[in-house]
Amino acid sequence: MNLNLTLIGQAIAFAVFVWFCMKYVWPPVMQALQERQKKIADGLDAASRATRDLELAQEKAEETLRESKEQAQQILEQANKRANQIVEEARDNARAEGERIIESARSEIDQEINRAKEELRAQVSLLAVAGAERILESSIDEAKHRELVDKLAAEL
Amino acid sequence: MAGNNMTSTEYIQHHLQNMTYGLHPENGWSMAHSAAEAKAMGFWAIHVDTMLWSIGLGVLFLYLFRLVAKRASTGVPTGLQNFVEMMVEFVDNSVRETFHGKSRLIAPLSLTIFCWIFLMNIMDLVPVDFLPMLAQKIGAWFGADPAHVYFKVVPTTDVNATLGMSLSVFALIIFYSIRTKGLSGFVAELTLHPFSTSNTFAQILLIPVNLLLELVTLLAKPVSLALRLFGNLYAGELIFILIAMIGLWQLPLHFPWAVFHILIITLQAFIFMMLTIVYLSMATEEQH
């Protein structure tokens, strides 16, 4: 083991290698490592944030669904109420109309009856006069007795 | 076995000899043809195989990591990027756990140490004769005597390589110490610990003792760092060589040792890295 120039050569080579490593190898590799570390950390962050967002969205969707169901229920109830109302109204209208028709029919009938009564009255007086004429066979003063008979007929 | 006409001692020595290029007192700048010639070159010699393999492996490491770093994406990582990121994260965690100061240098330094040493160590798992034989063939092709082409594949079994690294780390320890505590603080740390009194005269007497103890502690750091790695890998390599010598029966032995060695390879790279971090964090911490 004789010491010689190799020693110095080795020391120089060593120094050059270390310099090169320090200058051109270590920094880029280290930088890449750190950047990747950061990227992964960011990714994990984003993932957890996304999970939270998803939860929020799900909650919101449920909320909206619940609300719309409620709304639908409300609308349905309103519609039902309205329908009932309409039916009720129609029924009332119909009843009123019917009553009105019955009423008018009844008054018409009354009118008819009155008219018939008038006619009968008129004819009764005629008949009575004619009958009396026949019975008496004598001429009775038509004008004189008519008044009497009319009075009689009005009492019918 | 490389060359059946060798004795086992020669075989082992051949395997443990680096390919050396240096200033020989007689031949001038030349390739060493023998261990003795390499020795005669003294300090002014360079281990070509160690340099080639270590630089090659270092470049391979940086090329792969740079490839990933350039197109590093923040998306889903695949294949090589996954691996690189795993390594970077592993080193980063180790640094964070141990080193509490702020430094742009220390993490890439640790990564380089771990990966480079790991790659250099893993050359140990290539069968011991494979690459040297190849080198001998190539050497012979260029007209060199194959017996004198030495080729050691594992750079960390060369104490120069490990010491080169540990001395760089040592320089960083001193640099960080002085930067954190100031020159006076650094000197005080060396001279006023572990023995200190309020008596000025006694303190002056204690300074040489403290200095001796602390210097040993300080110098033990790079030396132990280098020798631990070197010793482990050298011993491992030696055992691979010994196993390779026994011929046909080497396979059942080679395999468990290689498996066990995978542990050593990783562990030693990790220990070198961890100790570097620990030493540097000690250097940047305030007085204890």
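The model is predicted. Chain A has 2 helices and 0 strands, and its radius of gyration of 61 Å is well over the 15 Å that the globule rule gives for 156 residues, so chain A is more spread out than a compact globule.

**Form and surface of chain A**
- The C-alpha trace of chain A spans about 195 × 20 × 15 Å along its principal axes.
- Of the 156 residues in chain A, 15% are buried.
- Chain A has an accessible surface of about 12600 Å², and carbon and sulfur atoms account for 57% of that surface.

**Helix H1 of chain A against helix H3 of chain B**
- On the H1(A) side, the residues in contact include A:Phe17, A:Phe20 and A:Tyr24.
- On the H3(B) side, they include B:Phe61, B:Leu62 and B:Arg66.
- By class, this contact of H1(A) with H3(B) has 15 nonpolar, 6 polar and 1 charged residues.

**Residue B:Ile207**
- B:Ile207 lies in helix H8 of chain B, which covers residues 200-245.
- The relative accessibility of B:Ile207 is 29%, so this residue counts as partly exposed.
- Apart from its neighbours within four places in sequence, B:Ile207 is in contact with B:Thr191 and B:Leu192.
- B:Pro194 is 13 residues from B:Ile207 along the chain, and their C-alpha atoms are separated by 9.8 Å.

Note on methods:
Residues numbered from 1 in each chain as written. Chains lettered and ligands numbered in written order. Predicted model: local features only at pLDDT ≥ 70, side-chain atom pairs only at ≥ 80, totals over all residues. Heavy atoms only, no water. Contact = heavy atoms within 4.5 Å. Helix = DSSP H or I, 4+ residues; strand = E, 2+ residues; numbered from the N terminus. Nonpolar A, V, L, I, M, F, W, Y, C, P; charged D, E, K, R; others polar. Rg over C-alpha atoms; globule rule 2.2 N^0.38 Å. Buried < 20%, exposed > 50% of the residue type's maximum accessible area, 1.4 Å probe, protein only. Areas by Shrake-Rupley, 256 points an atom, 1.4 Å probe, with all protein chains shown as cover.
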